[in-house]
Amino acid sequence: CNLTQLPPKMEKLTEMVEFDASFNLLERFEVDILKWEKLHSLFLMHNKLEEYSVKSVWGHPTLSGMDLRDNTKIILPDGNLGDIKLPLLTYLHLGNNSININMQFNKDRFPNLQYLYLNGNTLKIFPDTSLKETITNLGIARCNLTSLPSHVSDFDNLEYLDARDNNFIIVDAQLKRRLQENNAESYFSGNP
C-alpha cells in the first residue's frame, strides 16, 4: 500500500522495536518516537517526507540504525541544533536526498557511528576528525566536494570509501596509504 500519512496515536505502540514505512508516499511522520523506548531501527527511505518530529528522531537514546535516503523534500536539522544526540546510532543513511547537509557529524552527537552514507547531497560540513576511531564506511559520492580534508587519512578503521563523482584533482598520499593498509574498498571514479 502507498501511505501518505500514518494513523493517529502511533505513540501508543510503546513496544515498537523496528519501524519500517519505506517505499510509500509518506509526507509526514509526526510521531514522537521517544515514546518508543525500545526502538532500535527506523527506516523511512523512498518516501516524500517533508515533516517529521525532528527532536524525537535526532535525539532518540536507543536508536542504532536510521535510513532516510531518497526523501528529496526532507529537511535536516542544521549545525546549530543542540538537541542532536544519538548515543547508540551505528548506521545512518541520508543518501540521494539532493539537499544541503549542514549537520555536524562528531563524536559528541554520534559516539558510535560506523556507517555513514551522505551520497547525492551537497555536503557543507565534512564529518569531524573525532569520528576517526568509529567510522568504517563512508559514502560521500556526488557531494559536490572539491577536496577531501586531510583528517580522513586518520580514520583508523576505514574499510569502505565511496568518493565517486565529485571534483577532486588529487588524493592525499596518506589517505592512499590508509586505504591500502586497511585493505579498504574505495571508489574515486568520476573525479578529474
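**First stop: Arg 142**

Select Arg 142, which sits in the loop between strand E10 (137-139) and strand E11 (160-162). Helices (H or I, at least four residues) and strands (E, at least two) are DSSP runs, numbered from the N terminus. Check the backbone here: Arg 142 is not a glycine, yet has a positive phi of about 55 degrees. Arg 142 is partly exposed because its relative accessible area is 35%. For the cut-offs, buried means under 20% relative accessible area, exposed over 50%, and partly exposed in between (1.4 Å probe, protein chains only).

A word on what you're looking at: this is a predicted model, in which local features need pLDDT of at least 70 and side-chain atom pairs count only at pLDDT 80 or more, while totals for chains, interfaces and linings use all residues. Residues are numbered from 1 along each chain as its sequence is written, and side-chain values use heavy atoms, with hydrogens and water left out.

**Asn 183**

Now jump to Asn 183, in the loop between helix H2 (173-181) and strand E12 (185-187). Asn 183 is a residue other than glycine with a positive phi, near 50 degrees. Its relative accessibility is 70%, so Asn 183 counts as exposed.

**Leu 118**

Next, pick Leu 118, in the loop between E8 and strand E9 (122-123). Is Leu 118 buried or exposed? It counts as buried, because its relative accessibility is 0%. Show everything in contact with it (heavy atoms within 4.5 Å). Leaving aside neighbours within four places in sequence, Leu 118 is in contact with Leu 94, Gly 95, Ile 101, Phe 105, Leu 123, Pro 127, Gly 139 and Cys 143. For a sense of scale, draw a C-alpha to C-alpha distance from Leu 118 to Val 31: they are 24 Å apart in space and 87 residues apart in sequence.

**His 93**

Go to strand E6 (residues 91-93), where you'll find His 93. At 10% relative accessibility, His 93 counts as buried. Which residues does His 93 contact, leaving aside its neighbours within four places in sequence? They are Met 66, Asp 67, Leu 68, Arg 69 and Tyr 117. Asp 67 is 26 residues away along the chain, but its C-alpha atom is separated from that of His 93 by 4.7 Å. Then follow the His 93 side chain to the backbone nitrogen of Gly 95, which it reaches at 3.1 Å.

**Asn 106**

Select Asn 106 in the loop between strand E7 (100-101) and strand E8 (115-117). Asn 106 counts as buried, since its relative accessibility is 13%. Its side chain reaches the backbone nitrogen of Arg 109 at 3.0 Å. Not counting residues up to four places away in sequence, Asn 106 touches Asp 128, Ser 130 and Leu 131.

**Zoom out**

Finish with the whole protein in cartoon view: two helices and twelve strands. From the N terminus on, the elements run β-β-β-β-α-β-β-β-β-β-β-β-α-β. Along the principal axes, the C-alpha atoms fill a box of roughly 55 × 30 × 25 Å. Color by burial, and buried residues make up 47% of the 192 residues. Of contacts between residues at least 6 apart in sequence, 43% join residues at least 24 apart.

Methods. A polar contact is a pair of N or O atoms within 3.5 Å; within protein, one must be able to donate a hydrogen and the other to accept it, and residues adjacent in sequence count only if both atoms are side-chain atoms.
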